[in-house]
Amino acid sequence: MAKKTLEDCPPETLADEVVVVRVDYNLPLDKDGEVVDDTRLVRTLPTIQYLVEAGAKAVLLSHLGRPGGRPDPTLSLRPVAGKLEEFLGSPVGFCSVTTGPLAREAVQRMKSGEVLLLENTRFYPEDTRNDPEWAEEIRFGAKLFVNDAFGTAHRAHASTQGIADAVRRSGGDAVAGFLLEQELRFLSDALADPEHPFVAVIGGAKISSKIDVIEALLPAVDRLLIGGAMANTFFKAQGWAVGDSLVEENRIDTARSLMDLAGDKLLLPVDVRTASCITSDAVTRVSACDEVRENEHIGDIGPHTAKHFADVVGGARTLIWSGPMGVFELAPFQSGTFEVARAAASAADRGATVIVGGGDSAAAAVAAGVVDRITHVSTGGSASLALLSGKEMPGVTALSDR
Ligand code: ADP
Ligand code: MG
């Protein structure tokens with residue numbers, strides 16, 4: 001990688017040093033505020049353990065949710081500190097503010113090998129505003145900043161870009177943590193020189209959210225498979241009725257031009273699974289794509305399509321999968337997604353590089369019971385789309401060059 005990583009920081013240089021680490025503990029919470037998925041936290045453990053074992057003083061920064069620049073007790077990181085403590089097996093301090101005298105004192109009191117989590121950076125408007133003075137405050141005099149927050153690396157915020165600039169200005173280094181390094185290795189390096197066949201499976205709810213990725217991947221891939229509600233807009237573009245299915249009317253032209261551009265590379269569903277409503281007890285019907293009835297909803301790809309997609313996916317040497325093939329959250333509509341997920345895992349078993357980007361696709365891989373077999377599951381939904389689209393990642397650009 002062109003940027004410095006934590007591997008460039010030998011443990012002996014870290015002892016007793018304050019090291020500020022930006023993590024992405026924007027964990028999904030349920031309505032009672034309980035953490036429902038701690039994957040993002042678990043994936044930062046190698047970075048934190050490395051710092052703890054080196055005897056550094058690790059000061060952790062993260063955002064959680066969208067508090068809009070003011071304190072919101074329902075979005076406090078305090079419960080996350082407790083979670084981290086369980087996983088690390090050693091105490092994790094928590095400070096109820098991010099900046100100011102209380103935070104400075106908490107950092108000053110730290111001993112070698114300790115971990116301190118500061119409160120939600122987005123309780124302060126300065127974070128998203130990328131305020132340089134505030135970025136200097138959250139540096140706490142550190143000469144080393146570690147960015148391990150892939151999920152926010154596509155944002156130019158004080159806790160991502162601003163602090164990296166501040167540390168480098170002070171003569172120190174801003175480096176990628178082990179998780180960020182891994183994300184970049186798979187989502188940019190691996191795809192820059194992929195083994196063929198290189199297959200992309202794109203699905204999910206909307207074309208509009210993934211159009212940039214599709215356009216960026218198209219020249220590189222051998223096959224582009226489209227499923228999910230996104231396929232409906234392609235059906236509409238061919239003049240077929242889609243009943244009451246989700247369609248982006250204003251993207252029909254986009255779909256049409258993508259079909260022209262992609263030619264033979266593009267594989268669209270040939271059959272779909274429909275129902276009169278998308279519910280957990282829906283009675284479904286398999287339909288040819290051009291025979292969807294009025295009042296029907298398309299909820300999944302059909303069995304012929306699933307079989308064909310699974311064959312193509314299973315034969316890939318490089319696979320990027322972003323977006324489920326149907327409403328996999330509901331049992332009647334899960335089989336298309338699960339079949340693709342199992343084929344992706346089999347490809348990985350045979351040595352293919354299989355990359356899953358997107359929060360819902362990752363959840364689908366978990367639900368299908370194959371997540372442990374996938375080569376790389378990205379922790380950043382929008383960030384992975386931004387990176388795959390070739391967009392600049394300010395949180396990465398701001399790191400020290402090798
Ligand atoms: P990811 O998070 O993996 O990038 P998206 O957020 O783009 O995926 O899309 C995921 C959502 O798309 C899921 O909640 C799924 O239920 C929905 N979806 C997929 N297919 C359909 C469909 N045919 N109709 C309605 N929703 C769909
Ligand atoms: Mg999603």
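Predicted model: local features only at pLDDT ≥ 70, side-chain atom pairs only at ≥ 80, totals over all residues.
**View 1. Polar contacts bring backbone and side-chain atoms up to ligand 1.** Start with Ala205, where a backbone N or O atom sits 3.3 Å from an oxygen atom of the ligand. Ala229 also takes part through its backbone, with a polar atom 3.2 Å from a nitrogen atom of ligand 1. Then look at Ser361, whose side chain places a polar atom 2.5 Å from an oxygen atom of ligand 1. As for cover, the protein buries 81% of the 580 Å² that ligand 1 exposes when taken alone.

**View 2. The shell around ligand 1 draws on strand E12 and helix H14.** These two, spanning 297-301 and 359-367, are the elements that give two or more residues to the shell. Helix H14 gives the most, with three residues. There are 17 residues around the ligand, and Lys210, Ile298, Glu329, Asp360 and Ser361 come nearest. If you are sorting the shell by class, expect eight polar, six nonpolar and three charged residues.

**View 3. Helices H8 and H15 cross with their axes within 10 Å.** Here we turn to a pair of helices. Two packed helices are described by the distance between their axes and the angle between them. For H8 (residues 178-192) and H15 (residues 381-388), the axes cross at roughly 25°. Angles under 35 degrees count as roughly parallel, and H8 and H15 are therefore roughly parallel to each other. The handedness of the H8 and H15 crossing is right-handed.

Terms used:
Residues numbered from 1 in each chain as written. Chains lettered and ligands numbered in written order. Heavy atoms only, no water. Near = heavy atom within 4 Å. Polar contact = N/O pair within 3.5 Å; in protein donor to acceptor, adjacent residues only side chain to side chain. Areas by Shrake-Rupley, 256 points an atom, 1.4 Å probe, with all protein chains shown as cover. Helix = DSSP H or I, 4+ residues; strand = E, 2+ residues; numbered from the N terminus. Nonpolar A, V, L, I, M, F, W, Y, C, P; charged D, E, K, R; others polar. Axes fitted to C-alpha atoms, helices over the stretch in contact; angles between N-to-C directions. Parallel < 35°, antiparallel > 145°, perpendicular 65-115°, else oblique. Left-handed = near helix turned anticlockwise from the far one by under 90°.
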